[in-house]
Amino acid sequence: MARTTEMLLLALVMLLSLIVASVAEIKTLRITSDSRPMILFEKFGFTHTGRVSLAVSGVTVETTSTAPGTPVRSRFGFFLLSGESLLQVVQESAQNPNFCVLDSEFIIHLFTFQDLTSDPLSVNGTYPVKVPNEYSLYFANCNPQTLVTMSVFTEIYNLDGRVRDYLSAGQTQLPSLFSLFSISYFVFLGIWIYYCYKNKRSVHRIHLLMTALVLMKALNLLFAAEDKHYVKVTGTPHGWDVLFYIFQFIRVTLLFTVIVLIGTGWSFLKPFLQEKEKKVLMIVIPLQVLANVASAVIGETGPFIKDWFTWQQVFLLVDIICCCAILFPIVWSIRSLRETSKTDGKAARNLAKLTLFRQFYVVVIGYLYFTRIVVFALRTIAAYKYQWVSNAAEEIASLAFYLVMFYMFRPVEKNEYFVLDEEEEEVALAALRDEEFEL
């Protein structure tokens, strides 16, 4: 029974490695009293000049009281496994109850504990990758009921001439990509500020928040570009990752806040928030704190920690809850406008507002669908050399969303949505009697 459980865990770890993003930095990791049969360290896209440098030290192996015998050193080891070979290894493990992944012909062996030097137990080596592909770096423990403690130093890179590139083959374009979009947002920010200055009589508090949002997005992309550049060149982010996570938190929190406030009509339709609208913000903002903590843990640690996949699930769950929560204020505004239109005698004005909010609802739904589902699909099906395409698609969709949202709610003295001729009242009233604005 215990052996069956171990095989199921092994298959689960391997299958979950399919969703791990390709990333590599120079890392020093500490494994303490770990009994897992498989530990996933990194996933990386190699070119024909790929290299894996590993240094393992401070190795100790303990046995539990139920261990069947003395641990065999050759049953502990590191190896590389490609996505194409993954299912074949899982199938092997299902067919053979005593299967050890280190015996598989589909893996690329690096070394086992049999290669460790004595006093202290350690090993250090650099291994070339001869066949270009995306590989995952694993540690396997095929000795049941044993606990492994060790320090692991990993350095994974591709050679470009004599220069080391520590970014995966599909991510080496990211510094340039993020820099380009950062410049685009700074240009957008300049145009937006100029437009607000020209129409300063119509500027509301929401427009100030929208200005801050564009600034945070531009800075977030700038720090993302610097983070990836330093990882690409040196293997470490040199502190740029801290700035990236700080501004990512501010930017995402501001984005959800702006969408909620626009959805409620705050500052340009009404100067206050209702209790239920305040509750949405009180739910979304703390959840975004949790989501960004999860994002930092996912990005700065790796799948080698025991709770890494749990943090991934927390991030996905919180993101889904926030995406659903920000839609409620828009729906409430549409329903409120429909009810108000029956009594205030301003059918044309309410029809224009309904049109605006209904369009905004569709835009938000499209943005969330594309960035959460389509981008994930692109990341999953794209070849490892073109992983940057999913990042480009996400940034293009985000820029398009910002442009549409800012255009729809720009400060203008005579907004076409809110100023209509009295002659259109009867037509608008007839339209409001229909059900075309039901969601």
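In which sense do strand β3 and β8 pair, and over how many bridges? Strand β3 (residues 50-63) and β8 pair in the antiparallel sense, over 12 bridges, where two strands count as paired if DSSP finds at least two bridges between them. The structure is a predicted model, in which local features need pLDDT of at least 70 and side-chain atom pairs count only at pLDDT 80 or more, while totals for chains, interfaces and linings use all residues. Residues are numbered from 1 along each chain as its sequence is written, and side-chain values use heavy atoms, with hydrogens and water left out. Helices (H or I, at least four residues) and strands (E, at least two) are DSSP runs, numbered from the N terminus.

**Strands around β8**

- β8 and β9 form a hairpin with 2 residues between them, and Gly-161 in the turn has a positive phi of about 75 degrees.

- Strand β4 (residues 76-82) and strand β7 (residues 133-141) run antiparallel and are joined by 7 bridges, and the bridge partner of Leu-80 in β7 is Leu-137.

**Helix pairs**

- The axes of helix α5 (residues 240-264) and helix α6 (residues 275-300) come within 10 Å and cross at roughly 155 degrees; α5 and α6 are therefore roughly antiparallel to each other, on a scale where angles under 35 degrees count as roughly parallel, over 145 as roughly antiparallel, 65 to 115 as roughly perpendicular and the rest as oblique.
- Among the residues that meet in this pair are Phe-249, Val-252 and Phe-256 in α5, and Leu-281, Val-284 and Ile-285 in α6, a contact being heavy atoms within 4.5 Å.
- By class, the contact of α5 with α6 has 12 nonpolar, 8 polar and 3 charged residues, where Ala, Val, Leu, Ile, Met, Phe, Trp, Tyr, Cys and Pro count as nonpolar, Asp, Glu, Lys and Arg as charged, and the others, Gly among them, as polar.
- Helix α3 (residues 174-198) and helix α10 (residues 388-408) pack at an angle of about 5 degrees, with their axes 10 Å apart, and α3 and α10 are therefore roughly parallel to each other.
- The contact of α3 with α10 divides into 14 nonpolar, 3 polar and 1 charged residues.

**Helix α4**

- Helix α4 (residues 205-234) has 30 residues, which at 1.5 Å a residue should span 44 Å, and this agrees with its end C-alpha atoms being 43 Å apart; the expected span is 1.5 Å times one less than the number of residues.
- α4 is followed by Gly-235, whose phi is positive, near 90 degrees.

Key
Axes fitted to C-alpha atoms, helices over the stretch in contact; angles between N-to-C directions.
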